[in-house]
Amino acid sequence: MKTQVAIIGGGPSGLLLSQLLHLQGIDTVVLERKTKDYVLGRIRAGVLEIGLVNQMRAAGVAERMDKEGIIHHGTVISYGDDQIGINFSDHVDATVMVYGQTEVTRDLYTAREAMNGKIVFDVEGVQINDADTDAPYVTYTVDGSEQRLDCDYVAGCDGFHGVSRQTIPAETRREFEKVYPFGWLGILSKTPPVHDELIYASSDIGFALCSMRNANLSRYYVQCDLSDKVENWSDAAFWDALKRRIPEEHADNLITGPSIEKSIAPLRSFVSEPMKWGRLFLCGDAAHIVPPTGAKGLNTAASDVHYLSQALIQFYDNGDQAGIDGYSAKALARVWKAERFSWWMTSLLHRFPGQSDFDFKMQQAEVAFLKDNANAQAVLAQNYVGLPY
Ligand code: RFL
Ligand code: PHB
């Protein structure tokens with residue numbers, strides 16, 4: 001088989017890239033190692049920056065998002081019973097949209113399939129070959145048969161555990177990592193959200209987040225130990241932990257119900273440089289991970305897709321390589337700012353094991369400063385709604 005751009009990974013990055021390129025007449029093949037149902041069974045991000053919302057519109061896949069997505073004009077940071085309302089419009093001319101990553105991915109699959117986009121599921125043993133030459137190709141196995149895909153370029157959109165990043169020789173790659181000593185235990189429940197805005201809550205016993213998917217579907221998280229197991233958290237224990245971490249006013253109004261999904265995610269900051277090697281580009285979680293505090297994971301993947309799709313469109317349009325050559329530096333400049341914001345919000349709002357009294361006072365002072373200082377709130381608002389592309 002032959003294509004212009006071979007895309008490894010059928011998550012949101014790979015699908016959005018495939019759709020945007022297709023609309024400009026650029027041929028792609030997406031190779032995904034799981035089934036579609038498996039990919040759509042993953043519950044992940046929930047908050048879309050305007051940059052991603054606009055890309056969904058440009059990709060012609062925004063109809064359901066624009067109908068069902070919920071525009072948010074602000075968010076709440078709480079520390080004990082103290083609440084700081086961050087009203088985005090006081091500081092920036094932008095909002096965010098609450099619409100789950102699962103739905104973004106579903107809409108992209110629907111569009112790709114309607115346009116006969118080539119997506120191969122259940123691929124095994126993907127290997128990227130000769131990416132440092134002018135004739136790269138990808139080999140893989142599907143249904144027990146070995147396949148070869150020749151291409152001009154390879155887009156590595158295969159997430160943190162994919163093969164693309166490992167294809168870049170170790171001596172060329174530089175990795176930066178911070179692993180946090182806690183995780184997030186998340187549940188999805190068919191209950192109305194406790195508040196119409198998201199609440200990022202810091203308390204003496206740890207962090208909690210109240211989020212949502214729609215008027216009758218809530219997503220909640222509590223900080224947990226890295227050694228915790230989902231099986232050891234009953235729904236009752238989860239609701240109890242959540243209530244004790246959010247302001248009393250909201251705890252009193254919280255409607256609980258059975259969880260329909262429950263999972264634990266570790267928290268990590270990670271960046272791999274460069275994001276381009278020869279004719280291989282890295283995109284999204286394949287190149288970088290953020291802790292979920294601040295909702296930057298999916299949105300940073302989307303800004304990579306923006307830069308990469310523009311670069312490839314420019315090249316196929318008139319042979320101009322400038323975007324391709326500049327992709328890594330351009331993407332990384334924005335990635336590092338999202339890394340900083342996610343790290344800052346994580347550091348501010350979580351209880352760290354062995355945290356000293358001094359460190360605790362620093363968190364309190366930072367929250368007090370944020371509460372009283374419009375400039376500090378503006379910095380938060382600017383980063384939360386998303387830095388410009
Ligand atoms: P994805 O979504 O991981 O998709 C990568 C796809 O590549 C496939 N794949 C391969 N395919 C072929 N061959 C291989 N060798 C392959 N290896 C992997 C995978 O099956 C998968 O389908 O990466 P992408 O597209 O870059 O999208 C990034 C986002 O998914 C990610 O940034 C966010 O979901 C991060 N994230 C969260 N972000 C938030 O903003 N808020 C959240 O609440 C939130 N929760 C999460 C998350 C990430 C998690 N992971 C990765 C463990 C919760 C979890 C559990
Ligand atoms: C979510 O709804 O899953 C969500 C929202 C905001 C975050 C992280 C996760 O910062």
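You're looking at a predicted model, where local features need pLDDT of at least 70, side-chain atom pairs count only at pLDDT 80 or more, and totals for chains, interfaces and linings use all residues. Residues are numbered from 1 along each chain as its sequence is written, and side-chain values use heavy atoms, with hydrogens and water left out.

Let's start with helix 5, residues 101-114. Helices here are DSSP runs of H or I with at least four residues, strands are runs of E with at least two, and both are numbered from the N terminus. After the helix comes asparagine 116, with a positive phi near 55 degrees.

Now for ligand 2, which has 14 residues around it, each with a heavy atom within 4 Å. Among the polar contacts (N or O pairs within 3.5 Å), a polar side-chain atom of arginine 213 sits 2.7 Å from a ligand oxygen. A polar backbone atom of proline 292 is 2.8 Å from an oxygen of ligand 2. Strand 15 gives the most to the shell, with three residues. Domain 1 and domain 2 both give residues to this shell, so ligand 2 lies between them; the domain bounds come from an automatic or database assignment.

Terms used
Chains are lettered from A and ligands numbered from 1 in the order in which they are written. The expected span of a helix is 1.5 Å times one less than its number of residues. A polar contact is a pair of N or O atoms within 3.5 Å; within protein, one must be able to donate a hydrogen and the other to accept it, and residues adjacent in sequence count only if both atoms are side-chain atoms.
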